[in-house]
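I opened this entry to keep track of what I looked up in one structure. My notes follow the order in which I looked.

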Amino acid sequence: MTNQACGKQMTPSPLTTVSRRVALGLAAALPLLRTGRAMADAGSDKASAFIDRLSHDLMAVVNGPQSTADKAAALQKIIDTNVDVDGVAKFCLGRFWRTATPDEQKQYLTLFHKVLVNNITGKVGEYAGVQITVQRSAPREDGIAVTTSVARPNSEPNKVDWLVSIDGPTPLVTDVIAEGTSLRLTQRNDYSAFLTRNNNSVSALIDALKQQAGN
Amino acid sequence: MSASRTSPSRILLTTVLLGTLLLAGCATRPPASDPDALAEYNETNDPLEPTNRVIYAVNNGLDTVLLRPLAIAYRAVLPDMVRSHIHNVLGNLGMPVQLANDILETHPRKAGDSLMRFAINSTLGVGGIFDAATDMGYPDHDADGGITLALWGLPNGPYLFLPVFGPSSPRDAAGTGIDQAINPFTWVGHGSTDRALGYAKTGIGALDARSRVLDDLDKITSQALDPYATIRSLYRQHRQSEIEDARADGQATVPAWFPAAAEKKQ
């Protein structure tokens with residue numbers, strides 16, 4: 001704005017050259033911006049479609065007629081193919097991932113996967129009657145957030161955001177944010193508090209996870 | 001609620017609490033040679049952690065022997081519908097404070113919602129038992145002193161775990177104080193009946209709030225390795241998202257039913 005006004009008042013001056021250069025630069029960058037924008041939209045659409053399909057798969061399982069054991073097995077399969085479990089596990093361990101030995105890393109990944117699946121499939125009966133509706137999606141710095149409304153019988157619908165990464169060959173869920181609380185961030189804070197109180201020992205964490213996985 | 005009175009039990013409680021504060025002290029700051037640990041310490045922002053953990057343990061003990069069993073009984077004895085009516089009445093009694101905060105946050109449409117909710121639910125909703133206002137297009141929202149102070153730019157400050165109240169921060173504690181001060185029910189009547197009603201409201205409010213998080217809190221205590229840290233994380237994230245929702249108040253200043261707005265649309 002200011003540059004334009006100045007340009008009108010003063011004829012050939014360094015300022016006009018600068019503003020012209022800026023204008024030219026902007027004009028040149030515009031097509032790039034537009035493609036960037038289109039790419040972001042395509043990514044958002046892809047993520048939305050992915051969450052839409054995933055939520056239908058989830059609803060089909062939890063609201064289906066199978067036995068609880070069959071539902072748990074089907075749910076585990078959905079988690080394994082659609083959630084970036086290793087990525088979430090690494091995020092949750094945070095800075096301690098680097099200090100862990102390769103053996104500890106391997107053990108931790110296996111246990112994390114088991115505990116996560118147990119925590120989700122153990123409550124499969126409680127999810128009956130759930131309805132998930134995809135509302136919108138928006139790119140964030142760490143992925144694409146797809147906002148859904150999750151309604152359960154006899155309670156008000158909750159806002160649940162699914163963070164999706166579309167960098168890999170297939171889209172993957174990297175986080176679930178329920179009413180503003182991120183599951184992986186909460187888990188990371190839990191682990192880091194535990195590690196701080198246990199001399200930053202990853203093997204202590206592994207022992208604790210072993211206990212959780214055993215239950 | 002009636003004004004506070006100094007009683008022997010209150011003095012004892014204060015002494016015990018101050019004693020714990022002095023004994024527990026502060027968290028040790030990691031040395032600068034460990035930047036990762038230091039960054040985490042700053043991010044956690046819980047310099048009073050040892051003290052907070054003591055209060056958390058005391059609160060947790062009280063919860064285990066008193067509040068949780070009562071909340072379980074409350075949920076078992078009263079049917080869903082009655083509990084939701086009680087929740088509505090409590091929410092309606094809090095509406096004047098919500099309205100005041102909407103105004104302080106300069107959210108005129110939200111203030112209109114709160115005002116209409118109080119007017120409709122107090123009358124048509126029979127003293128707040130039924131939430132008729134939501135169906136008539138005046139949905140509920142979050143507004144309290146802590147959110148108002150956040151929108152005014154006051155920083156959150158370190159984590160505090162308060163006796164009885166639970167997770168908080170200097171900003172939220174100040175917000176709760178302001179809410180109490182601007183609540184007309186704080187100042188109405190000082191007779192014994194009013195005081196009894198005030199205590200009843202506080203007691204039922206505690207049961208209502210606790211019974212609504214029974215399953216969630218049980219899940220946290222059974223699944224978290226460090227429930228104290230998990231609750232701290234959840235509390236912070238939840239408050240942050242409430243503040244962001246309040247900040248992103250997207251309601252147009254001119255309501256849809258206003259003629260000028262209708263013309264603009266066409």
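I am working from a predicted model, where local features need pLDDT of at least 70, side-chain atom pairs count only at pLDDT 80 or more, and totals for chains, interfaces and linings use all residues. Residues are numbered from 1 along each chain as its sequence is written, and chains are lettered from A and ligands numbered from 1 in the order in which they are written.

**Helix H9 of chain B**

I took helices (H or I, at least four residues) and strands (E, at least two) as DSSP runs, numbered from the N terminus. H9(B) covers residues 170-182. I looked up which of its residues are buried (20 or more other C-beta atoms, placed from the backbone, within 10 Å of their own) or exposed (12 or fewer), with partly exposed in between. Arg171(B), Asp172(B), Gly175(B) and Asp179(B) are buried. They sit on the same side of H9(B), because they cover an arc of only 90° around the axis, taken from the directions from the helix axis to the C-beta atoms. Gly177(B) and Ala181(B), on the other side, are exposed.

**Contact of chains A and B**

I counted two residues as in contact if their C-beta atoms, placed from the backbone, lie within 7 Å. Chain B gives 15 residues and chain A gives 16 residues. On the side of chain B, H13(B) gives the most, with eight residues.

**Sheet of chain A**

Five strands form an open sheet in the order E1-E2-E3-E4-E5, with antiparallel pairing. I noted that E1(A) and E5(A) stand at the edges with a single partner strand each, so one side of each has no neighbour in the sheet. Strands pair if DSSP finds at least two bridges between them; E1(A) and E2(A) have nine bridges.

Definitions and conventions: Expected span 1.5 Å × (residues − 1).
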